[in-house]
Amino acid sequence: MDLARDCDGTDAEVEEMAALNILDSRPNEATVARGFEEVDAGCWSDSGDVMVYAERTYAFPGARAEVAAHYRTAAQQDGWSPDPEAAPDDLSFVKETKSLQIVFLTAKLLAEEGHGSRPDLTTGAGYSISVGSYA
């Protein structure tokens, strides 16, 4: 058992993850959220599991259904398939060894992640799109 695995040597994988085109795909009226201008990408390790990830956060003035429709189409066009283990309403996809998830933001979720009150992300359909893969 290699419980001492860490993120050493994952820089190329992190860069590759951050450059995925799906992270830049967004509905027409969606904007990069203030304070989230850069792709958040990195690596974490826990008990021998090493995960590389990349995430973007967008503010969208419309409805969640519009965001969901956009990503169902964009993901399919980019070769992603619905995650067979996800609930039917989840926006979760898989491609090779990578997972893709769209999560709608709430005031509670933002507070838990230390982002405070963000009406720009909780009015309409603020959301994050993230990709990840075990290294």
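This is a predicted model: local features need pLDDT of at least 70, side-chain atom pairs count only at pLDDT 80 or more; totals for chains, interfaces and linings use all residues.
I'll start with the core. The largest nonpolar core has 25 residues. Those with the most contacts inside it are Ile22, Val67, Leu100, Ile102, Tyr127, Ile129 and Val131. Two or more residues each come from α1 (11-18), β3 (49-59), α2 (64-77), β5 (91-95), β6 (98-104) and β7 (127-134). The largest share is that of α2, with five residues. There is also a second, separate core of six residues, including Ala33, Leu105, Leu110 and Leu121. As background, nonpolar side chains in soluble globular proteins tend to be buried together.

Take Leu100 as an example. Leaving aside neighbours within four places in sequence, Leu100 is in contact with Ile22, Ala75, Trp80, Leu91, Ser92, Phe93, Ile129, Ser130 and Val131.

Now the helix α2. How far apart are the end C-alpha atoms of α2? They are 20 Å apart, and this agrees with the 20 Å that 14 residues should span at 1.5 Å a residue.

Which residues of α2 are buried? They are Val67, Ala68, Tyr71, Ala74 and Ala75. These residues lie on the same side of α2, because they cover an arc of only 140° around the axis. The general point is that an α-helix has 3.6 residues a turn, so residues three or four places apart point the same way. On the other side of α2, Ala65, Gln76 and Gln77 are exposed. The cover over the buried residues of α2 includes β3, β5, β6 and β7. After α2 comes Gly79, with a positive phi, near 90°.

Arg56 lies in β3. Is Arg56 buried or exposed? Its relative accessible area is 8%, and the cut-off for buried is under 20%, so Arg56 counts as buried. The side chain of Arg56 makes a polar contact with the side chain of Asp24, at 3.1 Å.

Val94 is in strand β5. Val94 has 27% relative accessibility, so it counts as partly exposed. Residues up to four places away in sequence aside, Val94 touches Gly79, Trp80, Ser81, Pro82, Asp83 and Pro84. Gly79 is the residue with positive phi that follows α2. Finally, a distance: Val94 and Ser117 are 23 residues apart in sequence, and their C-alpha atoms are 32 Å apart in space.

Definitions and conventions:
Residues are numbered from 1 along each chain as its sequence is written. Side-chain values use heavy atoms; hydrogens and water are left out. A nonpolar core is a set of buried Ala, Val, Leu, Ile, Met, Phe, Trp, Tyr and Cys residues joined through side-chain atoms within 4.5 Å. Buried means under 20% relative accessible area, exposed over 50%, partly exposed in between (1.4 Å probe, protein chains only). Helices (H or I, at least four residues) and strands (E, at least two) are DSSP runs, numbered from the N terminus. Contact means heavy atoms within 4.5 Å. A polar contact is a pair of N or O atoms within 3.5 Å; within protein, one must be able to donate a hydrogen and the other to accept it, and residues adjacent in sequence count only if both atoms are side-chain atoms. The expected span of a helix is 1.5 Å times one less than its number of residues. The arc is that of the directions from the helix axis to the C-beta atoms.
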